[in-house]
Amino acid sequence: ATPTSIMVGTGRAAELGVLFRKGDALQQLQQAKIIALDKTGTLTLGRPELANVTTINGFDRDTVLRLAAAVEARSEHPIATAITRAGPADLPPIAGFESLTGLGARASVDGHDLLIGSPRLMAQNGIDLSALSQQADQHAAEGATPVFVAINGQAAALLTVSDPVKPGTIEALHRLHTMGLTLAMVTGDNALTAQALADKLGIDHVTAEVLPDGKLATINALRDQFGELAFVGDGINDAPALAAADVGIAIGTGTDVAIETADVVLMSGDLRAVANAVEISRRTMSNIQ
Ligand code: ADP
Ligand code: MG
């Protein structure tokens, strides 16, 4: 690659909303065999909404939402924001708040012990979900994320949240496929939820229920299996994967840590810019030969 052609490619990319941090990244992206993408905030808007509430064991919807919203008001996760928005404006005070990264949260509210989060979190705490699990799987198979609420050690409710796919995602993935790339999703979300979305989007390979420190290992395993890898992500917990990928691509609407770690930064959240980036890298490199 001549310095001039790299400069021209980098300039053209910038016009299309893609910032190549180093000329190296332009060369490496052209060799990518697989593009792995984070789900929440990357493929989806990252702004989930509460869809359904199912209560059991004598708990009612208003009580569950009031208590759960109070706990989640202290969490930063987008699911927590969705639950807080669905609760009343006037929330009870909480004590002993604990954020359980990649799992959920717990706290004491009005003298009740509240636990909110994934099936894995409930299993770890010995909560019996048998009365809710069939319904949870049904919602998950339709692409919604099941979130459980336990009160004083007893299952109280199943909440489902759904996060719309971003405009541009379907077209972007279609273009990347047409260019011969394998597409993979890497997410902390429920396996059924992730697979439902992957099927809808035509994603080839899904790794789900990955704990935050597991994304890096997933990226390394995918690279061993498929070859040169680019990873696209937006979150704090995507930073290790962005650093480990042959090309790390951060969404411009993402967290500062992700943006600082990446080799390539998209100026918007629109994934069509990833397809533009691959096209430009291939064109730039083929002009040189
Ligand atoms: P991702 O951002 O890739 O979807 P995370 O690792 O942040 O994954 O979270 C994984 C799962 O943990 C979520 O899908 C959800 O089930 C659960 N979870 C995490 N934080 C919370 C929270 N504050 N409230 C409820 N559930 C949560
Ligand atoms: Mg994300």
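This is a predicted model: local features need pLDDT of at least 70, side-chain atom pairs count only at pLDDT 80 or more; totals for chains, interfaces and linings use all residues.
The chain is divided into two parts, with domain 1 formed by residues 3-45 together with 165-288 and domain 2 by residues 49-162. Their C-alpha centres are 32 Å apart. To the contact between them, domain 1 contributes 12 residues and domain 2 contributes 13 residues. On the side of domain 1 that touches domain 2, helix 9 (residues 191-201) supplies the largest share, namely five residues. That side of domain 1 comprises five nonpolar, four polar and three charged residues.

Helix 7 spans residues 133-141, and Ala 136, His 139 and Ala 140 are buried in it. Viewed down the axis of helix 7, its buried residues fall within an arc of 100°, so they line one face of the helix. An α-helix has 3.6 residues a turn, so residues three or four places apart point the same way. The cover over the buried residues of helix 7 includes strand 3 (49-55), strand 7 (145-151), strand 8 (154-162) and helix 9. Just after helix 7, a positive phi of about 100° is found at Gly 143.

The largest nonpolar core consists of 52 residues, and the residues with the most contacts inside it are Ile 35, Ala 36, Ala 230, Phe 231, Ile 249 and Val 274. Helix 13 (residues 272-288) provides the largest share of this core, six residues. Leaving aside residues up to four places away in sequence, Val 274 touches Ile 35, Ala 172, Leu 176, Val 232, Ile 249 and Leu 266. A second, separate core has 37 residues, among them Leu 67, Val 71, Ala 80 and Ala 105.

Conventions:
Residues are numbered from 1 along each chain as its sequence is written. Chains are lettered from A and ligands numbered from 1 in the order in which they are written. Domain bounds come from an automatic or database domain assignment. Two residues are in contact if their C-beta atoms, placed from the backbone, lie within 7 Å. Helices (H or I, at least four residues) and strands (E, at least two) are DSSP runs, numbered from the N terminus. Ala, Val, Leu, Ile, Met, Phe, Trp, Tyr, Cys and Pro count as nonpolar, Asp, Glu, Lys and Arg as charged, and the others, Gly among them, as polar. A residue is buried if 20 or more other C-beta atoms lie within 10 Å of its own, exposed if 12 or fewer, and partly exposed in between; C-beta atoms are placed from the backbone. The arc is that of the directions from the helix axis to the C-beta atoms. A nonpolar core is a set of buried Ala, Val, Leu, Ile, Met, Phe, Trp, Tyr and Cys residues joined through C-beta atoms within 7 Å.
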